[in-house]
Amino acid sequence: MQIVRFDSLESTNKYCEALDLAEVGDFTCYWALEQTAGIGQRGNHWEAAPGMNLTFSLVLHPAFLPADRQFKLTQALSLALSDFLSFFNFQFSIRIKWPNDIYVDGKKICGTLVSTRLAGTQITSAVCGIGLNVNQTEFPYWVPNPTSLALLTGRGFDLEPLLRQLLGCIERRYDDLKNGLDPEPEYLERLLNIGVPARYKYNEEEITATITGVDPHGRLLLTAGDGRRLSCGMKEIVLL
Ligand code: BTN
């Protein structure tokens, strides 16, 4: 494991995308204390006050994983992040919000953005960008439903030891994946709203539906109140 630290970058994911990843060792972490243009899911901006949170990208070479199974990496990362949060012994629930947000007490503490490069049917490299809210206690009004370790515990944290602990959790789940352990059963156990009817925006409709699982490509599977079976990508469904 190697950590490369920057005071400020536009975005750690963007920085990694510009590298010749074949030359980067497996499990190299690019960590920035500040991102001036952090990228979130759906092309959104990732908000993180300078020096207060963890924003990093981990370069992996999961050549053992076939390209059509790349969602397993997302599942393993989500489990690692929830493992890490469980060390804090919150009285609150820690849940994975599909596909890979981590929610504590119903609020988002962490987001992940994974991009992969393929050669034929294999994954040659993955850039796993992770943003974890740590010491920030105030967020702009437009950040939906945020929380942080400081808000949950009432204290502040040194970032570097926290990063090392989190990378340790990721390494364990990554090794499990390498060793052929399927993360899916635990991922489903920790999935927010699985088996529970909830309100969603499905394309332009508002519906009640129950999550039943995920398919091998990571699409969310639900049964709507009217009995329809739905299989959804990120752009098709939003939890209300
Ligand atoms: C999300 O929207 O939930 C995903 C957020 C991912 C943010 C992280 S912060 C480090 C890395 N660099 C980026 O620009 N984005 C990811």
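Ala, Val, Leu, Ile, Met, Phe, Trp, Tyr, Cys and Pro are counted here as nonpolar, Asp, Glu, Lys and Arg as charged, and the others, Gly among them, as polar. The structure is a predicted model, in which local features need pLDDT of at least 70 and side-chain atom pairs count only at pLDDT 80 or more, while totals for chains, interfaces and linings use all residues. Residues are numbered from 1 along each chain as its sequence is written, and side-chain values use heavy atoms, with hydrogens and water left out.

By these classes, the lining of the largest pocket comprises 21 nonpolar, 17 polar and 5 charged residues. A pocket is an open set of points on a 1 Å grid over the protein atoms alone, with protein on both sides within 12 Å along at least five of seven lines; a cavity is a set of points where a 1.4 Å probe fits but cannot get out, and lining residues have an atom within 4 Å of a point. The volume of the largest pocket is about 930 Å³, volume being the space filled by probe spheres set on grid points joined across faces, edges and corners. Of its 43 lining residues, Gln41, Arg42, Asp101, Lys108 and Pro144 lie nearest the centre. Strand 6 supplies the largest share of this lining, 4 residues. Helices (H or I, at least four residues) and strands (E, at least two) are DSSP runs, numbered from the N terminus.

Asp101 also belongs to strand 5 (residues 101-104), where Asp101 and Tyr103 point one way, Ile102 and Val104 point the other way, and all are buried. Buried denotes under 20% relative accessible area, exposed over 50%, and partly exposed the range in between (1.4 Å probe, protein chains only). Strand 5 pairs with strand 4 (residues 94-97) in the antiparallel sense over 4 bridges, two strands being paired if DSSP finds at least two bridges between them. These two strands form a hairpin with 3 residues between them, and arginine 95 stands opposite tyrosine 103. Strand 5 is also joined to strand 6 by 3 bridges, in an antiparallel arrangement, with cysteine 110 as the bridge partner of isoleucine 102. The hairpin of strand 5 and strand 6 has 2 residues between the strands, and aspartate 105 takes a positive phi near 55° there. Glycine 120 lies in the loop between strand 6 (107-119) and strand 7 (122-132) and, at 70% relative accessibility, counts as exposed.

An open sheet of 5 strands has the order 11-10-9-8-12, with antiparallel pairing. Strand 11 (229-232) and strand 12 (237-239) stand at its edges, each with a single partner strand, so one side of each is left without a neighbour in the sheet. Within this sheet, strand 9 (residues 205-214) and strand 10 (residues 220-224) pair over 5 bridges, and valine 214 has leucine 220 as its bridge partner.

Helix 2 (residues 71-86) is largely enclosed by the rest of the structure, because 15 of its 16 residues are buried. The structure holds 2 cavities of 30 Å³ or more. The largest cavity, of about 40 Å³, is lined by Leu60, Leu73, Ala76, Leu77, Ala80, Ile170, Arg173 and Tyr174. Helix 2 contributes the most to that lining, with 4 residues, and the lining divides into 7 nonpolar, no polar and 1 charged. The second largest cavity, of about 30 Å³, takes the largest share of its lining, 3 residues, from helix 2. Its lining has 2 nonpolar, 1 polar and 4 charged residues.
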